[in-house]
Amino acid sequence: MAEVSERIKASEAAEPVRSTGHAVPPWVITLGSVVVLLLLWEFFGRNINPIFGSYPTAIAQAAWEITVSGELGQAALQSLQAFVLGFGLSIVIGVPLGLVIGRFWVVEAALGLYVTAGNAMPLVALVPLLILWLGLGFKVKVAIVLLMSVFPIAINTWLGVAAVPKTLIEVGRTFVASNTTILRRIVLPATVPYIMAGIRLAVGRAVVAMIIAEFFTSISGLGAIVITAANNFETATMFVPIILLMVLALGLNALIGWAEHKVAPWQAEISDRN
Amino acid sequence: MGEVRLQDVSKRFRMRVGQEVQTVQALDRVSFSVAEGEIVALIGPSGCGKTTALRIVMGLELATSGQVQVDGVAVTGCGHDRGLVFQHAQLLPWLTARQNVMFGLEMKGMRGRELMDTAMRYLALVGLTASADRRPHQLSGGMQQRVGIARALAIDPKVLLMDEPFGALDAQTREVLQAELLDIHARTGKTILFVTHDLDEAILLADRVVVLRAGVVETILAVPLPRARGDLGQLRGTEAFAAARHDVWRALHGTVPVPHASAVH
């Protein structure tokens, strides 16, 4: 028997680790793309009336000015606090909500429609009402970020649960695992890629939500800088928070990718994406 | 310990075909038993209900009528007295080989040192000590199915149930695993009920073969080969094997079996 096992081990040894095999590292391509874009923008942007548009060096200068004055840092801090809390809550609420809706038909029948409808809710129209309820400060920003991002997370989790192979759940059943054990130890890990995709979708929406909130309240945060600059025809300054937010979204996306790798290292190995 | 008895087990499914709902009779009063320590093969063409029968014995599905008993106790659901080996191993992809074996043991309430030791002992039984920390995608199909067997055996069930366990493997790996299964059976003495569509496999491994056709037990044949099968490759070349194979082949194709293997009802 031992001898037999040795013999097969050679013939059915696992495949070797593959390298990515690119001639040029991907980041070189990305960097090149950014440089080309900035150069084109600089070249054509300079010929436009500075009220109607701006260009990279002017924006960089404006950024420097409001950074040195401390205005940008303070606004970013105000915005980010609301963003982090609202987005964190949407994960804490959205993932369990999606799991139970996907797993239990009673919960799906009872709550599924609210989640589907909630995702299509015209939130902008409801912002004035939310301001009446929660005031103009921190709370209303958190609520708007939460309402914009919780639904895509819940829906993706829900879809992910529905896609878990029946046989994996049967593995749990054959070992007499309880419903909660099956949910926690089989359904949840099997759903991780969907949850992560939902969180990625939600990041973009949450950033937009934060700015919408600040447009309406318009007394604090990055959104307030946009509004004030636009009202004063300081177009270059107006671009600073916009670009900052886009860069922030990129950073968050990378952070999520990193977290995904930490939480579900098998996924990247299975899909062999490189 | 480990006697399985099926008594008049019937199963009807309702299935929507286009506009109308059809009732499909998957099993019709199926009765047979597996004695303690015996290996029984459930064979038949695809769609004959053999996997359904196995799932009912496991408790994953309930019979429409009739009863399954393990050691005289009626089966009403899944239980630790039965272990199932799935067709494609069905390991949890986020767990290592060792953790997959540990999963079943944890569900049985085992913890700590004993949990680790038991998992490693069963991985050793299937010759995978060195691959304990690999994840399923880092294992070949044959190695994955060995982990599946270790996972089912580790909870020390009275009966080992196997659903076409080697059907998805290449011919060479299949032969090795068949020999290993007989080796494991010799060492553990488990009662084994397995489903297969492979005639040779049924005869090489089983003491008796239950032939199922369209949800009905066509016949039950005893395999006239000694329990210790020796080298399976050599056995395939013998006349006794050819004769037994021919009997089951005829039963599968609807002709009456002849007395090489006496029909045992």
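As it is a prediction, local features need pLDDT of at least 70 and side-chain atom pairs count only at pLDDT 80 or more, while totals for chains, interfaces and linings use all residues. Residues are numbered from 1 along each chain as its sequence is written, and chains are lettered from A in the order in which they are written.

**View 1. The six-stranded sheet of chain B.** Here is an open sheet with mixed pairing, in the order S6-S7-S8-S3-S9-S10. Strands are DSSP runs of E with at least two residues, helices are runs of H or I with at least four, and numbering starts at the N terminus; two strands pair if DSSP finds at least two bridges between them. S6 (82-85) and S10 of chain B sit at the edges with a single partner strand each, so one side of each has no neighbour in the sheet. From one strand to the next, the twist averages 20°. Strands in a sheet pair through backbone hydrogen bonds, parallel or antiparallel.

View 2. S3(B) (residues 39-43) runs parallel to S9(B) (residues 208-213), with four bridges joining them; B:Leu42 has B:Val210 as its bridge partner. S3(B) also runs parallel to S8(B) (residues 191-196), this time through five bridges, and B:Ala41 stands opposite B:Phe194 there. What about S9(B) and S10(B), parallel or antiparallel? They run antiparallel, joined by six bridges, and B:Arg208 is partnered with B:Ala222. The two strands make a hairpin with two residues between them, and B:Ala214 in the turn has a positive phi of about 50°.

**View 3. Helices against the chain B sheet.** H4(B) lies across S6 and S7 (159-163) of chain B, at about 175° to S6(B). H8(B) (residues 239-252) packs on the sheet too, touching S9 and S10 of chain B, and its direction makes about 170° with that of S10(B). Angles run from 0 to 180 degrees between N-to-C directions, with axes fitted to C-alpha atoms, for helices over the stretch in contact.

**View 4. Where chain B meets chain A.** On the chain B side, 29 residues are in contact with 21 residues of chain A, contact being C-beta atoms, placed from the backbone, within 7 Å. H2 (97-107), H4 (141-154) and H5 (171-188) of chain B each supply at least two residues of that side, and H5(B) gives the largest share, five residues. By class, the chain B side has 15 nonpolar, 10 polar and four charged residues (Ala, Val, Leu, Ile, Met, Phe, Trp, Tyr, Cys and Pro are nonpolar, Asp, Glu, Lys and Arg charged, and the others, Gly among them, polar).

**View 5. A helix pair in chain A.** H8(A) (residues 166-174) and H9(A) (residues 179-217) pack at about 155°, their axes 10 Å apart. The pair is therefore roughly antiparallel, a label for angles over 145 degrees, with under 35 roughly parallel, 65 to 115 roughly perpendicular and the rest oblique. A:Leu168, A:Ile169 and A:Gly172 in H8(A) meet A:Thr181, A:Ile182, A:Ile186 and A:Ala190 in H9(A). Those contact residues divide into five nonpolar, two polar and no charged.

How values were computed: Contact = placed C-beta atoms within 7 Å.
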